[in-house]
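Here are my notes on the model you asked me to look over.

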Amino acid sequence: MKVVLFCGGYGLRMRSGASDDVPKPMAMVGPRPLIWHVMRYYAYYGHTEFILCLGYGAHHIKDFFLNYEETTSNDFVLRDGKTELLSTDIASWTITFVQTGIESPIGERLRRVRHHLDGDEMFLANYADVLTDAPLPRMIDRFAERDAGASMLVVPPQSSFHCVDLGEDGLVGGITAVSELPLWENGGYFVLRQEVFDHIPENGDLVADGCAQLAKRGRLVAYQHRGFWKPTDTVKERAALDDAYARGDRPWALWERDGAPAVAAGAAHGFGAGA
């Protein structure tokens with residue numbers, strides 16, 4: 001299945017100064033940027049055809065892949081001055097780079113790459129700035145079995161704040177951590193059908209317009225995930241992931257685990273990798 005990645009936003013909360021024009025998906029976690037970790041997640045499951053919706057700082061993303069150094073994250077042999085790779089990261093990937101506008105909302109970015117989907121009934125989409133160990137094959141299979149136009153990963157609230165229950169007399173009746181409330185938030189991993197385009201107007205949003213309209217029609221489903229899921233909306237969150245990577249605490253890096261590579265999901269439904 002094709003994977004659409006939204007990587008054209010400003011990422012203002014991730015920037016370290018006015019001169020920093022690096023888009024958020026290019027923030028580093030270990031020796032590679034966020035977008036690479038997200039793409040490796042999909043590639044682990046056999047989905048290696050990517051469509052990048054570019055915008056702000058697009059040249060950083062283009063330069064990274066055009067000048068990609070396989071030796072940074074792969075073993076190799078240096079013999080007679082020539083490099084012999086023992087493994088590769090992106091050699092089998094197909095990456096389409098599309099400028100979708102500097103100010104475009106995510107829904108509009110998706111509209112502008114629709115023709116690159118070749119009419120595929122189902123495809124994947126992602127914000128390119130969130131890491132998870134969610135079971136993608138299960139997400140796809142459950143969605144493929146449902147009569148719905150879209151599916152989104154949902155996770156418990158990540159806030160560390162507490163909600164306070166106040167009585168009319170101003171006395172506190174209880175205090176509850178936001179993470180313990182019966183609430184779920186958008187996790188940023190989508191499985192979509194072409195139907196979603198029917199509900200995204202020009203300059204519209206994927207969630208506020210497309211998913212909201214599908215929800216009203218009973219055609220939006222959710223995959224609940226209580227495992228590892230970490231956003232990178234701030235410098236602090238990115239730094240925490242970078243520190244975890246340095247410690248070897250990388251639950252999102254499924255490709256580093258022992259055993260054979262995972263099999264792409266959806267094969268039984270005719271939606272194999274690159275379909």
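1. The buried residues of α6 are covered by elements that include β2 (28-29), α1 (34-44), β9 (130-132) and β15 (229-231). Contact here means heavy atoms within 4.5 Å. Helices (H or I, at least four residues) and strands (E, at least two) are DSSP runs, numbered from the N terminus. The residues of α6 that are covered in this way are Arg238, Leu241, Ala244 and Tyr245. Seen down the axis of α6, the buried residues fall within an arc of 120°, so they line one face of the helix. That arc is taken from the directions between the helix axis and the C-beta atoms. On the other side of α6, Lys236, Ala246 and Arg247 are exposed. Buried stands for under 20% relative accessible area, exposed for over 50%, and partly exposed for in between (1.4 Å probe, protein chains only).

2. A word on the basis of all this: the model is predicted, local features need pLDDT of at least 70, side-chain atom pairs count only at pLDDT 80 or more, and totals for chains, interfaces and linings use all residues. Residues are numbered from 1 along each chain as its sequence is written, and side-chain values use heavy atoms, with hydrogens and water left out.

3. Helix α6 (residues 235-247) has 13 residues and spans 18 Å from its first C-alpha to its last, close to the 18 Å expected at 1.5 Å a residue. The expected span is 1.5 Å times one less than the number of residues. After α6 comes Gly248, with a positive phi near 85°.

4. Which residues does Trp252 touch beyond its neighbours within four places in sequence? They are Val29, His37, Leu131, Thr132, Phe228, Leu241 and Tyr245. Trp252 sits in the segment after α6 and is buried, at 2% relative accessibility. Its C-alpha is 8.1 Å from that of Trp229, 23 residues away along the chain.

5. Do look at α1 too. Of its 11 residues, 10 are buried, so α1 is largely enclosed by the rest of the structure. Among the buried ones are Trp36, His37, Arg40, Tyr41 and Tyr42.

6. Helix α4 (residues 136-144) buries Leu136, Pro137, Met139, Ile140, Phe143 and Ala144. Viewed down the axis of α4, these fall within an arc of 160°, so they line one face of the helix. They pack against α1, β8 (122-126), β10 (150-155), β13 (185-193) and β14 (220-224).

7. On charges, the count comes to 15 salt bridges, each being a side-chain nitrogen of Lys or Arg within 4 Å of a carboxyl oxygen of Asp or Glu. One of them joins Arg32 and Asp89 (3.6 Å, N to O). Arg32 lies in strand β3 (residues 32-33) and Asp89 in the loop between β6 (82-85) and β7, so the pair ties together parts that are 57 residues apart in sequence. Arg32 is buried at 3% relative accessibility, and Asp89 is buried at 6%.

8. Two further pairs deserve a look. Arg111 and Glu108 form a salt bridge (2.9 Å, N to O); both lie in helix α3, three residues apart, about one turn of the helix. Arg111 is partly exposed at 32%, whereas Glu108 is buried at 6%. In the other pair, Glu195 meets Arg219, with the closest N and O atoms 2.6 Å apart. There is also a salt-bridge network linking Lys2, Asp118 and Asp120.

9. Finally, the surface. Val164, Leu166, Val172 and Ile175 make a nonpolar patch of about 390 Å². Patches consist of residues with over 30% relative accessible area and no salt bridge, like charges being joined within 9 Å and nonpolar side chains (Val, Leu, Ile, Met, Phe, Trp, Tyr) within 5 Å. Accessible areas come from the Shrake-Rupley method with a 1.4 Å probe, and for residues only the protein chains shown count as cover. Strands β11 (162-166) and β12 (172-177) each supply at least two residues of this patch. Ile175, in β12, is exposed at 58% relative accessible area.
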